[in-house]
Amino acid sequence: MTQTRRQFLQSSAAALSSMALSGCGWTLGGNPFDDSGDEMTGPPMTQTSANDLYIYTWADYTDSELIETFRKQTGIKVIVDIFDSNEAMLAKVQAGGGGAYSIIYPSDSWVKRMVELRLLQPLDHSRLKGINNLFEKFQNPDYDPGNRYSLPFTWGTTGLIYNAEKLSSTPKDWDYLWEHQKELSRKVTLINDPREVIGASLRSLGYSYNSENPAEIQAAYEKLLNLKGTLATFTTDGWRDLILAGDLTMAMGFSFDALNVANENPNLKYLVPQSGTSLWIDTMVIPAGAPNVAGAYKWLNFMLQPEVTVSLCERLYFATPNKQAYAQLSQDLQENPTLFPPESVLEKCEGIIPLSIEKEKTYARYWIKLKSS
């Protein structure tokens, strides 16, 4: 069974019932709402072999075919460790547990944070082959102008996955969650992420996903508080098996996760809410203390090869930022609106941007209050 984008040992009802309340500590660039349960396990603190490449990534961003193809091309053995949230990744790297990694896959807004914390090294574009293959909009992103520190790996939207057979009407927007609370009672989950969840509530009220207005953030929290009794739980991945088993009717999730479950049950549909949602990009970076920089550049160049990306997209349903790879995809994938939404949909989407420490703390406080209510 194909794993989901954020799956990390949490794809069961037992995992749902054991979700822990996040801590409320905060330090500069730190982790105000890490509830991942990551125990700082992984590879040794340092790694010296030029024949090994440690990668820290999301659970389903590599597979055995990809790793074996890279080994055959370069002679380098890839060792993959996974994280289930950007918060867990950053906490581990800051705590010194990331000393073995030469490639890490942070999401877009976290690149800027890691740069500010001096955790990344600038990319030497003279060592990269194929960077011009990226779509223009991915060559100079707001979170990393000129791709100085990162390369985009994949992108997508956040929305609602629902079982069309179990709903009395077709959802159009976030407000469906509030308007059909009785029908959805204990049959819906939201992502275990404060900026995504509070952001969705903000958009439903007509505000920005990235609002810094205290009154708007409070209003979004109060609206979510009215929904809290309807929810089964907050989970980024555990919804998948439950919705396939019929125990859930709707889940907040990511676009290509929706494709995975729809392959197993065609009644499962994906909605990008009309009022707008988040547009996310996951990237590849080289940490400042990478022990195998040469191997890291070989990996980046490998991932820039269109034929590598095409094969990976076809196996794992990625939306590629590589225009040469996109041109080689099957027509079915190119025209899939979940994977590659039309511009009319993208115009309503926002990337989640890092906010000031005080504003991030505001989101964190409301998140803790929401989950503990």
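These are my notebook entries on a predicted model of a 373-residue protein.

**Ground rules**

I treat this as a predicted model, with local features needing pLDDT of at least 70, side-chain atom pairs counting only at pLDDT 80 or more, and totals for chains, interfaces and linings using all residues. Residues are numbered from 1 along each chain as its sequence is written, and side-chain values use heavy atoms, with hydrogens and water left out.

**Entry 1: overall view**

I looked up confidence first. pLDDT is the predictor's confidence in each residue, from 0 to 100. The protein averages 87, and 87% of the residues score at least 70. Residues 1-45 stay under 50. For that stretch the model has 128 contacts beyond four places in sequence. I take contact as heavy atoms within 4.5 Å.

Next came secondary structure. I find 16 helices and nine strands. These are DSSP runs numbered from the N terminus: helices are H or I with at least four residues, strands are E with at least two.

Then I checked burial. Of the 373 residues, 58% count as buried. Buried means under 20% relative accessible area, exposed over 50%, and partly exposed in between, with a 1.4 Å probe and protein chains only. The protein exposes about 15100 Å², and carbon and sulfur atoms supply 49% of this area. Accessible areas come from the Shrake-Rupley method with a 1.4 Å probe; for residues, only the protein chains shown count as cover.

I also looked at contact range. Among contacts between residues at least 6 apart in sequence, 77% join residues at least 24 apart.

**Entry 2: the annotated site**

I opened the UniProt record. The unreviewed entry places a "binding site" at Asp193, Pro194, Arg195 and Glu196. UniProt positions are given in the numbering used here, feature names are shortened, and annotations may be inferred rather than shown by experiment.

Asp193 sits in the loop between β5 (188-190) and α7 (194-204). Leaving out residues up to four places away in sequence, Asp193 touches Glu87 and Trp367.

Glu196 belongs to helix α7. Its relative accessibility is 5%, so Glu196 counts as buried. With residues up to four places away left out, Glu196 touches Thr158, Ile191, Tyr209, Met252, Phe254, Ser278 and Ile352.

I found a link between these two residues. A polar atom of the Asp193 side chain lies 2.9 Å from the backbone nitrogen of Glu196.

Arg195 came up next. Its side chain meets that of Glu360 in a salt bridge, 3.2 Å from N to O. Glu360 lies in helix α16 (residues 357-372) and Arg195 in helix α7, so the pair ties together parts 165 residues apart in sequence. Both Glu360 and Arg195 are buried.

**Entry 3: other salt bridges**

I count a salt bridge when a side-chain nitrogen of Lys or Arg is within 4 Å of a carboxyl oxygen of Asp or Glu. By this rule there are eleven.

Arg315 pairs with Asp63, the closest N and O atoms being 2.7 Å apart. Arg315 is in helix α12 (residues 306-316) and Asp63 in the loop between β1 (52-57) and α2 (64-74), so the pair joins parts 252 residues apart in sequence. Arg315 is partly exposed at 23% relative accessibility. Asp63 is buried at 18%. I also noted a network of salt bridges linking Asp63, Glu65 and Arg315.

Lys223 and Asp175 form another salt bridge, at 2.7 Å from N to O. Lys223 is in helix α8 (residues 214-227), and Asp175 is in the loop between β4 (150-163) and α5 (176-179), 48 residues apart. Lys223 is buried, with a relative accessible area of 15%. Asp175 is partly exposed, at 26%.

**Entry 4: helix α11**

I looked up burial along α11 (residues 293-303). Eight of its eleven residues are buried, so the helix is largely enclosed by the rest of the structure. The buried residues are Gly295, Ala296, Tyr297, Trp299, Leu300, Asn301, Phe302 and Met303.

**Entry 5: Tyr149**

Tyr149 lies in the loop between α4 (108-116) and β4. Tyr149 is buried, with a relative accessible area of 13%. Tyr149 and Met114 are 35 residues apart in sequence, and their C-alpha atoms are 9.7 Å apart. Apart from neighbours within four places in sequence, Tyr149 is in contact with Val111, Val115, Leu120, Gln121, Pro122, Leu123, Asp144, Met284 and Val285.

Methods
A polar contact is a pair of N or O atoms within 3.5 Å; within protein, one must be able to donate a hydrogen and the other to accept it, and residues adjacent in sequence count only if both atoms are side-chain atoms.
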